[in-house]
Amino acid sequence: MNLSTIAPTKHLRSNPVTAIALLIVGIITAATIACSSDEVVVEYQAQPGLAGDPGQPGSPGDPGQPGSPGDPGQPGSPGAPGQPGLAGASGQSGPPVHVEVAKEVIVEGESPVFGSPPRRQPYQPSQPGATTFQNTSRANFALTSQDDTSTFSLDTDRTSFQLALNWTRSGYEVDPASVRAEEWVNAFNYGYELPRHDDSFNIQTDVIEHPLDENLHLARVAFQAPDIAVDLPLNVTLVLDGSGSMSNGNRVQIARDAAETIRTSLGRDDRMSIVHFDDRVKRGLTVEDDNPGSRSIRNSIRDLRPDGGTNVQAGLDLGVELAHRMRRERPDSFNYVILMSDGVANVNATNPFAILESASDRDPDNPLRLITIGVGIENYNDVLLEQLAQYGNGWYRYLSEPEEGRRLFARDSWLSLSVPFADQTRAQVVWDENLVRSWRMIGYENRVTSDESFTRAEKKFAELPAGTATTVFFELELVDRYELGNTNEPLGDVEVRWVTPSTGEGNRQHQEIDAILSNRDAATDFGAIVALTADRYSGLHEYGGEHPGSIHNDLSDLASRLRSVGSPISGTSAYEDFEYVLNALVDNVEPAPSTGYSR
């Protein structure tokens, strides 16, 4: 830098004190300019392992504003690949995406002339640090003449949307890798009728016009399980994460309140065990096979405290052992292992399949059902918790505040989810190539399986609780769109197969997809908008990175259509939550540049 640009030469000669001061200012200014290229950086890195424990996190901000994150820890080592223990084997669909937010770099110094340092700008990262999601690719259209069959495991998880809602409320942008379209769709209640018989599904099919493309149609296939009650006792083993990463925000309070709600929801005939872990099992807090109302159970829940590393494997190993003992003592019962954690495993095995292999179930005829409850935003491992539940014969939920846990585990809600209706549940849709030119399924990417496996009852397929519904949307390109309503042939056939949990008996059910355009209703329209929103936004990391404008246009169109959805959907809290998230997604995605032409 030429210092003569700061002050005239004549002034420097006549006032040496001022000259020295101005010289110091020039040096500081040059250093500041030299460092001005240091920026806030958001990196998306494909890591082979799961996220390690972070540094000390910052305090969360007020609702709607993210807290200041601490330094993310190093990613843990990948666990050895292996077969899951609580359920059947399955590979992973791809490496997880580990998102790290770099620290802001600011050079500060005091000016001897002006006396005050530069003002620090508030740091608000677009996404929280040290979060781990599975980066799956969206399905492409398949030519029906080459591939007419879609085979997949049914599922009732809803966590992906709840994560997005919590991120949005906290002022973060939703990570596209966190979006699983099937979980967004199945987060909402569409009011399907219950089946007429308690031993079968109500399978409902609809074909509607595509909201975004006049050349396509949408087919909806819904599976509604019967709402049955089975009066069997419950054996519940709580595995509580007491590691240091749980000190971030209100995670401990959420877990403690949910555990207490589970305890109070159980009856006299039910039994409980509790395991706490950090980098090892906290033996002093372990309670084995006790009455839910006992003082030892109440005190153990009360004494949940965060400290140390995160050894999920040790916690689940002991939890499964205690659950197995309770099952052996009371074989006529349902058996649940409930893990409450942020999933940031960094001690011992960190791979979900290695953990499941270690915590192996010894009685597949009366299985232990692994439920995972996720808490937290920053330093959160969705991959671990989602896959532990998927391959552990259970389900996965996310809690962002204590009240959500109290609702989820209220007695009526919890007991309804405790009654399994169908195990090893899978569906297959076969399209007629004479009517359907091409098709693609929205979501379910990590639940698609080979067509040949459909006839085999395998543990990798989902267990569905009584009363639950599963919805699937397909995008269709018809051979002749005007054939709808003018042919007696169905567009396709749906078949679902499952095993009755109590007897091991195999079941199958069949339904045709009529080639008729369905009457529009609010629930169908809403489901289609949810499905396409999740599908389009999840594609940002694939085809939207360089050209996000088309995604922005689709999301904007869907937001406009959402405003026309009527009762009984509009006005509900679910509608308002989704509208809030959708509007945030529209704002987050860069619009297409203007062409300069008038419309």
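**Strand pairing, helix packing and aromatic contacts**

Valine 499 stands opposite glycine 506 in strand S20, within a hairpin that S19 and S20 form with six residues between them and with glycine 504 in the turn at a positive phi of about 80°. The model is predicted, and local features were therefore taken only at pLDDT of at least 70 and side-chain atom pairs only at pLDDT 80 or more, whereas totals for chains, interfaces and linings use all residues. Residues are numbered from 1 along each chain as its sequence is written, and side-chain values rest on heavy atoms, with hydrogens and water left out.

Strand S19 (residues 492-499) and strand S20 (residues 506-513) pair in the antiparallel sense over eight bridges (strands, E, of at least two residues, and helices, H or I, of at least four, are DSSP runs numbered from the N terminus; two strands pair if DSSP finds at least two bridges between them). S19 also pairs with strand S15 (residues 420-431), again antiparallel, over seven bridges, and here arginine 426 has arginine 497 of S19 as its bridge partner. The charged end of arginine 426 sits over the ring of phenylalanine 454, 6.0 Å from its centre (NZ of Lys or CZ of Arg within 6 Å of the ring centre and within 35 degrees of the ring normal). S19 is mostly covered, seven of its eight residues being buried (under 20% relative accessible area with a 1.4 Å probe, protein chains only; over 50% is exposed and in between is partly exposed).

Elsewhere, six strands form an open sheet of mixed pairing in the order S10-S9-S8-S11-S12-S14. Its edges are strand S10 (287-290) and strand S14 (396-399), each of which pairs on one side only. Neighbouring strands of this sheet are turned by 15° against each other on average, direction ignored (axes are lines fitted to C-alpha atoms, for helices over the stretch in contact, with angles from 0 to 180 degrees between N-to-C directions). Within the sheet, strand S8 (residues 234-241) and strand S11 (residues 334-341) pair in the parallel sense over seven bridges, and valine 239 stands opposite leucine 339 in S11.

Helix H7 (residues 312-329) lies across S8, strand S9 (271-277), S10, S11 and strand S12 (368-375), running at about 165° to S9. Strand S9 holds histidine 276, which is buried with a relative accessible area of 0%. Histidine 276 and leucine 240 are 36 residues apart in sequence, yet their C-alpha atoms are 4.8 Å apart in space. Leaving aside neighbours within four places in sequence, the contacts of histidine 276 (heavy atoms within 4.5 Å) are Leu240, Val281, Lys282, Leu285, Ser300, Asp303 and Leu304.

The structure holds 19 aromatic pairs (ring centres of Phe, Tyr and Trp, the last by its six-membered ring, within 6.5 Å; planes under 30 degrees apart are stacked, over 60 edge-to-face and the rest tilted). The rings of tryptophan 439 and phenylalanine 474 have centres 6.3 Å apart and planes at 65°, so this pair is edge-to-face. Because tryptophan 439 lies in strand S16 (residues 436-441) and phenylalanine 474 in strand S18 (residues 469-478), the pair ties together parts 35 residues apart in sequence. Tryptophan 439 is buried at a relative accessible area of 7%, and phenylalanine 474 is buried at 0%. Ring pairs also link Phe161, Trp184, Phe188, Phe526, Tyr575 and Phe578 into a cluster.
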